[in-house]
Amino acid sequence: SIKPAAAYEDGAEHAQDGERKTPAMIGAALQKHIEGVDPHNCEAGEEDAFFVADIGEVYRQHMRWKRNLPRVTPHYAIKCNPDPMVLRLLSALGAGFDCASKAEIEQVLKTGVEPSRIIYAQPCKTKSYLRYTAKQNVKQMTFDNTDELYKVKELCPGAELYLRILTDDSASLCRLSQKFGASMDNTQELLALAKELDLNIAGVAFHVGSGATDPSAFVQAVRDARTVFDQAIDLGFHPHTLDVGGGFVSETFEDTAAVLSAALDLHMPPTIRIIAEPGRYYTSAAFTLACNVIARRTVEDRDTGVKSYMLYLNDGVYGNFSSIMFDHQHPIPQVLRTKRRPDAFDYKHYSASSESLMDSGYSSAEEGSQDFATGKPQIEYSIWGPTCDGIDCIAEKWTSAETVDVGDWLYFEDMGAYTKCSARRFNGFTDKHETVYVSSEAGASALLGF
Ligand code: PLP
């Protein structure tokens with residue numbers, strides 16, 4: 001469902017680079033959705049977990065990208081979150097797209113994107129997908145081994161090839177170099193084979209690992225890319241594009257952009273086109289997930305009599321919390337609504353923690369222990385997903401001053417990257433969760449017509 005931006009505009013503030021902006025809007029959308037769920041009479045599925053997506057956040061990240069990396073054209077890595085509204089927005093903003101499969105290419109083409117704005121950035125491709133890309137005129141693609149070159153020669157000889165090189169990905173969250181990338185010892189041989197096969201080397205690609213925290217990884221990779229450009233030129237190719245991959249994270253974006261820009265200016269003349277494949281940078285903060293507490297188990301310490309609770313939510317590691325397993329994330333629960341506090345989500349102070357609720361004079365904890373540093377009562381919880389699998393744990397320990405019970409709602413921020421894209425129907429739970437869209441940026445609303 002698309003909600004008109006005007007419905008949520010109260011309280012939206014303007015923010016600087018990297019700063020969060022949309023407290024009231026997201027809070028109002030979360031509250032409005034759960035108000036429509038009658039906990040006593042709702043149909044199965046009506047209380048399912050759902051997302052609120054602030055499409056304005058994606059817009060801001062794009063503007064931030066353009067300010068800090070004006071030379072680099074982003075090709076959004078749709079594997080990270082193939083949300084149709086995100087694709088529509090980024091397409092309208094002129095971004096390109098990084099696709100890894102036929103289905104992703106198909107989705108991007110259906111959004112109305114020209115084939116020339118797509119890079120098939122999977123060095124080891126399925127043959128039938130290559131036949132499809134040839135038919136669709138999607139020409140840009142990466143490779144990193146000789147077998148792939150023979151495959152491309154057979155099925156897509158007009159391809160514009162990017163030789164993906166190995167990088168030092170040791171400072172990244174999700175390492176990719178054990179699987180992809182030609183070592184610098186092999187690049188000469190690969191280029192020579194491409195020449196022999198009369199293929200077209202359009203440039204070089206790399207990826208420093210997803211969730212890269214050390215900007216210096218980009219510096220070495222650009223230096224190595226320069227070496228490969230020179231090797232290609234010596235063989236008579238005319239490489240024209242460098243693809244610096246993904247790995248950008250919001251927290252360190254400005255630092256990374258500065259270091260990368262300096263390396264590009266040093267090694268790549270302005271005639272070389274630069275593209276990138278950012279994924280999580282664009283969507284991570286834009287999506288907030290709300291989950292319903294479907295069950296609770298009380299655990300009483302025999303010695304002290306102190307009670308703690310196991311909370312069971314209707315989403316877990318086989319669903320949108322797949323990011324815990326696949327993306328090494330630790331999502332942090334926050335209280336959205338409890339029976340005693342229907343307005344527990346303090347959307348006027350969006351990041352309100354239990355602490356600020358206590359500061360405002362509110363106290364609810366009757367069980368649990370005290371935080372001796374602050375003297376405030378704290379209840380201890382562990383948070384679990386809905387499946388019958390013991391591995392389905394969202395947080396082993398979470399403390400709150402709030403009493404959370406069956407039917408209450410929790411929410412989790414920063415759930416936009418590598419979450420719903422890998423959700424499964426394990427145990428029969430849904431993998432299709434509703435997304436309520438809001439827009440905290442007039443520019444985004446205008447482009448999307450809402
Ligand atoms: N490009 C490729 C080839 C990838 O494998 C990935 C992630 O695995 C990305 C881009 C996106 O990376 P990130 O989300 O860290 O920007």
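Biologist: How far apart are the end C-alpha atoms of residues 56-283, and how much of the span is helix and strand?

Modeller: This is a predicted model. In it, the end C-alpha atoms of that span lie 11 Å apart. Residues 56-283 are 43% helix and 18% strand.

Biologist: What does UniProt place at residues 56-283?

Modeller: An unreviewed UniProt entry gives the feature "domain: Orn/DAP/Arg decarboxylase 2 N-terminal" for residues 56-283.

Biologist: And which domains does the domain assignment give?

Modeller: Domain 1 is made of 40-54 + 284-443, and domain 2 is 55-283. Their C-alpha centres lie 36 Å apart.

Biologist: How many residues of domain 1 are in contact with domain 2?

Modeller: 19 residues of domain 1, and they are in contact with 18 residues of domain 2. On the domain 1 side, strand E1 (50-54) and strand E19 (435-438) each supply at least two of the residues that touch domain 2. By class, that side of domain 1 has eight nonpolar, seven polar and four charged residues.

Biologist: Zooming out, how many helices and strands are in the protein chain?

Modeller: There are 13 helices and 19 strands. The chain has 450 residues, of which 46% count as buried. For contacts between residues at least 6 apart in sequence, 71% join residues at least 24 apart.

Biologist: Now the ligand. Which residues are closest to the ligand?

Modeller: Ala77, Ser210, Gly246, Glu277 and Gly279 are the closest, out of 17 residues that surround the ligand. Strand E9 (210-212) and helix H10 (280-283) each give the shell at least two residues. The shell divides into seven nonpolar, seven polar and three charged residues.

Biologist: Gly279 is on that list. Where does glycine 279 lie?

Modeller: Glycine 279 sits in the loop between strand E11 (273-276) and H10. Glycine 279 counts as buried because there are 26 C-beta neighbours inside 10 Å, and the cut-off for buried is 20 or more.

Biologist: What does glycine 279 touch, leaving out residues up to four places away in sequence?

Modeller: Tyr76, Ala77, Lys79, Cys80, Gly246 and Ala417. As for glycine 245, it is 34 residues from glycine 279 in sequence, with 9.4 Å between their C-alpha atoms.

Biologist: Lys79 is among those contacts. Which UniProt annotation covers Lys79?

Modeller: The annotation is "modified residue: N6-(pyridoxal phosphate)lysine", and it comes from an unreviewed UniProt entry. In the model, lysine 79 is in the loop between strand E2 (72-77) and helix H3 (84-92).

Biologist: Is lysine 79 buried or exposed?

Modeller: Lysine 79 is buried, because 21 other C-beta atoms lie within 10 Å. Apart from neighbours within four places in sequence, lysine 79 is in contact with Ala100, Glu104, Gly279 and Cys421.

Biologist: Glu104 belongs to helix H4, residues 102-110. Which residues of H4 are buried?

Modeller: Glu104, Ile105 and Val108. Seen down the helix axis, the buried residues of H4 fall within an arc of 100 degrees, so they line one face. Ala103 and Lys110 are exposed on the other side of H4.

Biologist: Why would residues three or four places apart point the same way?

Modeller: Because an α-helix has 3.6 residues a turn.

Biologist: What do the buried residues of H4 pack against?

Modeller: They pack against H3, strand E3 (96-99), strand E4 (118-120) and helix H5 (127-136). Just after H4, glycine 112 has a positive phi of about 100 degrees.

Biologist: On to H7, residues 187-196. Which residues are buried there?

Modeller: Thr187, Leu190, Leu191 and Ala194 are buried. These residues are on the same side of H7, because they cover an arc of only 95 degrees around the axis. The face turned away from the buried side carries exposed Glu189, Ala192 and Glu196.

Biologist: What covers the buried residues of H7?

Modeller: The cover includes helix H6 (146-155), strand E6 (160-164), strand E8 (200-205) and helix H8 (216-234). After H7 comes aspartate 198, with a positive phi near 60 degrees.

Definitions and conventions. Residues are numbered from 1 along each chain as its sequence is written. This is a predicted model: local features need pLDDT of at least 70, side-chain atom pairs count only at pLDDT 80 or more; totals for chains, interfaces and linings use all residues. Domain bounds come from an automatic or database domain assignment. Two residues are in contact if their C-beta atoms, placed from the backbone, lie within 7 Å. Helices (H or I, at least four residues) and strands (E, at least two) are DSSP runs, numbered from the N terminus. Ala, Val, Leu, Ile, Met, Phe, Trp, Tyr, Cys and Pro count as nonpolar, Asp, Glu, Lys and Arg as charged, and the others, Gly among them, as polar. A residue is buried if 20 or more other C-beta atoms lie within 10 Å of its own, exposed if 12 or fewer, and partly exposed in between; C-beta atoms are placed from the backbone. A residue is near a molecule or strand if its C-beta atom, placed from the backbone, lies within 6 Å of it. UniProt positions are given in the numbering used here, feature names are shortened, and annotations may be inferred rather than shown by experiment. The arc is that of the directions from the helix axis to the C-beta atoms.
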